[in-house]
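Let's take a walk through this fold, one piece at a time. Have the chain open beside you as you read.

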Amino acid sequence: MALEYSEKVMDHFLHPRNVGEIEKADASGTVGNPVCGDIMKMDLKIEDGIIKDAKFKTFGCGSAIATSSMATEMIIGKTVDEALVLTNKAVAEALDGLPPIKMHCSILAEQAVKTALKKYFEEHDMMTPERAAQFKILDEEEEEESSVYRSKRAEYMNEQKDLMQNK
């Protein structure tokens, strides 16, 4: 059974936007899913509270690449607070939908953006209770994981990070 993908998903998979890394990025976030093997790294260039550039490197399926690409397009030019409210559903809708079995890719895209922004807010002493509430998707995932799973996930993420840096 073949999965049905929208034209936008196919376009962002075959012609991804904003691929690469930002030298001296102001924020960077790496997330992954050890079950499917996808890993996303998102770099942000932020000036005066506005995301001037976003680049990604994704090791994963076509949907993972497409959602990473779309997420960068959705946040470039936005303020950090506008980017902070990005949701996986918004990414999937911007791509005219994803097959249900691939929705986890849009979750990773949201998590990559939010992981980078969380580090940015913490490093610049800009975290507020309102902003912290937007990182719930990152906390919920951690609460659901067992300690064994977290340990394996950390090991996997470190291996994948090393692979991404050597490419």
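Helices (H or I, at least four residues) and strands (E, at least two) are DSSP runs, numbered from the N terminus. What you're looking at is a predicted model, where local features need pLDDT of at least 70, side-chain atom pairs count only at pLDDT 80 or more, and totals for chains, interfaces and linings use all residues. Residues are numbered from 1 along each chain as its sequence is written, and side-chain values use heavy atoms, with hydrogens and water left out.

Let's begin with helix α5, which runs over residues 103-123. From its first C-alpha to its last, this 21-residue helix reaches 31 Å, close to the 30 Å expected at 1.5 Å a residue (the expected span is 1.5 Å times one less than the number of residues). Just after α5 comes Asp125, with a positive phi of about 50°.

Inside α5, Lys114 and Glu110 sit 4 residues apart, about one turn of the helix. An α-helix has 3.6 residues a turn, so residues three or four places apart point the same way. Lys114 and Glu110 form a salt bridge, their closest N and O atoms being 2.7 Å apart. Here, a salt bridge is a side-chain nitrogen of Lys or Arg within 4 Å of a carboxyl oxygen of Asp or Glu. Both partners are buried: Lys114 has a relative accessible area of 4%, and Glu110 has 5%. (Buried means under 20% relative accessible area, exposed over 50%, partly exposed in between, with a 1.4 Å probe and protein chains only.)

Now for the strands. β2 (residues 39-47) and β3 (residues 50-59) pair in the antiparallel sense over 9 bridges; two strands pair if DSSP finds at least two bridges between them. Met40, for instance, has Thr58 in β3 as its bridge partner. The hairpin has 2 residues between the strands, and Asp48 there takes a positive phi near 50°.

How many salt bridges are there by this rule? The count comes to 10. One of them joins Lys8 and Asp96, at 3.9 Å from N to O. That pair links distant parts of the chain, 88 residues apart: Lys8 is in helix α1, Asp96 in the loop between α4 and α5. Lys8 is partly exposed at 39%, whereas Asp96 is exposed at 52%.

Glu21 and Lys41 make another salt bridge, with their closest N and O atoms 2.8 Å apart. Glu21 lies in the loop between α1 and β1, Lys41 in strand β2. Glu21 is partly exposed at 44%, while Lys41 is buried at 19%. Together with Asp43 and Lys57, Glu21 and Lys41 are linked in a network of salt bridges.
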